[in-house]
Amino acid sequence: MSFNPSSEPMRPAARNPVVRPISAAEHMAFVRAQRSVSFLQTPAWGRVKTEWRSESLGWFEGRRLVGAGLVLHRPVPRLDRFTLAYLPEGPVIDWSGEIGAWLDPLAIHLKAHGAFAIRLGPPVRTHTWSAAQVKEGIADPGSKRLTDISGHWADPVGARVASWFRDASWLPQSPEDGFGVGHPQFKYEIPMVGRTEDELLRGMNQQWRRNIKKAAKEGVEVTVSDRGPEDLKAFHDLYVHTAERDHFTPRPLRYFETMFAALSAEDPERIKLYLARHQGDLAAATLLVRVGTHAVYAYGASSTAKREVRGSNACQWAMIRDSLAAGCDVYDLRGITPTLDADDPHVGLVQFKVGTGGQAMRYIGEWDLPLRPMVYRAFDLYMRRRGR
């Protein structure tokens, strides 16, 4: 299953659709006509990724726009006339149709305009595991990875798309642990269609429900920011604290300022900052991004000193409730690794997210198509030397 299509099918005619540049306004009109699109495939995301050149491309049947994609162009060091053309979690096309009819004209267009390779991350899933299956896998010493668990649901569309990429000589870029240079292949999501708040809460494990109740009992108050730069700076300070504690490299404040400005300009409801305060202190903060019916938990931060008041759980529950009220089909907790090994430090993230109920997803991952093989090899060697 991919991101939900619009009521107007995105299907090419018998001939290949034509690919050509479109304006940001045309692109946004197409995005708004879809039920759900990744925020990484909106024109605004190109304005966030300032280190890349961006453009919007459209697929046309005659004068009718039937598909769209945000392309981020990364230049090759010392060969600026060539670029890696990257479409994160895109493009927005009918992935259940004839894939070559969509991607062949894209390759022709991008090569003619200086791309040495295309990198795609299709929003197409291949496998789904329920929360119960993941829990059983973690408890089973013989299961070391999600892919060791039997009885999962396999998506025939995803299997066919993955097979097409292999047969068409595209190169897989997703590593075994699911985290590569791009976006994660394994994710955790909570389906919301037809469910109530009570049903979502009952779907969580006892620890999650207990933590949500504890936050309320401790007097944790969750609000959506209305103070702009002041609250964003407070979030970033807490985010840097979290990075130091959890040993990852934080993004600079300027990145989040750009992100908020670009996404909010495109749609005032696109991005929101949630703040959990306890006795006047910031205990946790999270960012929610929504396009159509797809809500995404994008970033989070928490105070070590205030961990026991469970501000993070309170923020998550507030975002889940607001996403449900907004009519979302899915609440996306983003990436996990596929590990189930109790000795792997990443298993804690899996356990945290599986506690929400929901399901683990495997997507087909990112794939490269070299258009100029010699330049592609030089770029790949350069990236390997610098650790990508």
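Predicted model: local features only at pLDDT ≥ 70, side-chain atom pairs only at ≥ 80, totals over all residues.
Residues are numbered from 1 along each chain as its sequence is written, and side-chain values use heavy atoms, with hydrogens and water left out.

User: Is Glu89 buried or exposed?
Analyst: Buried means under 20% relative accessible area, exposed over 50%, and partly exposed in between (1.4 Å probe, protein chains only). Glu89 has 7% relative accessibility, so Glu89 counts as buried.

User: With which side chain does the side chain of Glu89 make a polar contact?
Analyst: Glu89 sits in the loop between β4 (79–87) and α3 (99–112). Helices (H or I, at least four residues) and strands (E, at least two) are DSSP runs, numbered from the N terminus. A polar contact is a pair of N or O atoms within 3.5 Å; within protein, one must be able to donate a hydrogen and the other to accept it, and residues adjacent in sequence count only if both atoms are side-chain atoms. At 2.9 Å, the partner is the side chain of Arg334.

User: How many Å apart are the end C-alpha atoms of helix α8?
Analyst: The expected span of a helix is 1.5 Å times one less than its number of residues. Helix α8 (residues 229–246) has 18 residues, so it should span 26 Å. The end C-alpha atoms agree with this, at 25 Å.

User: What covers the buried residues of α8?
Analyst: Buried residues in α8 include Leu232, Phe235 and Tyr239. Contact means heavy atoms within 4.5 Å. The cover includes α9 (253–266), β11 (271–278), β12 (281–291) and β13 (294–302).

User: Which are the edge strands of the open sheet of 7 strands?
Analyst: Two strands pair if DSSP finds at least two bridges between them. The sheet order is β1-β2-β3-β4-β5-β16-β8, with mixed pairing. Pairing on one side only marks the edge strands, β1 (18–22) and β8 (171–172).

User: Why is the pair of Phe116 and Phe379 tilted?
Analyst: Rings of Phe, Tyr and Trp (its six-membered ring) pair if their centres lie within 6.5 Å; planes under 30 degrees apart count as stacked, over 60 as edge-to-face and the rest as tilted. The structure holds 17 aromatic pairs. The ring centres of Phe116 and Phe379 are 5.1 Å apart, and the pair is tilted because the planes lie at 55 degrees.
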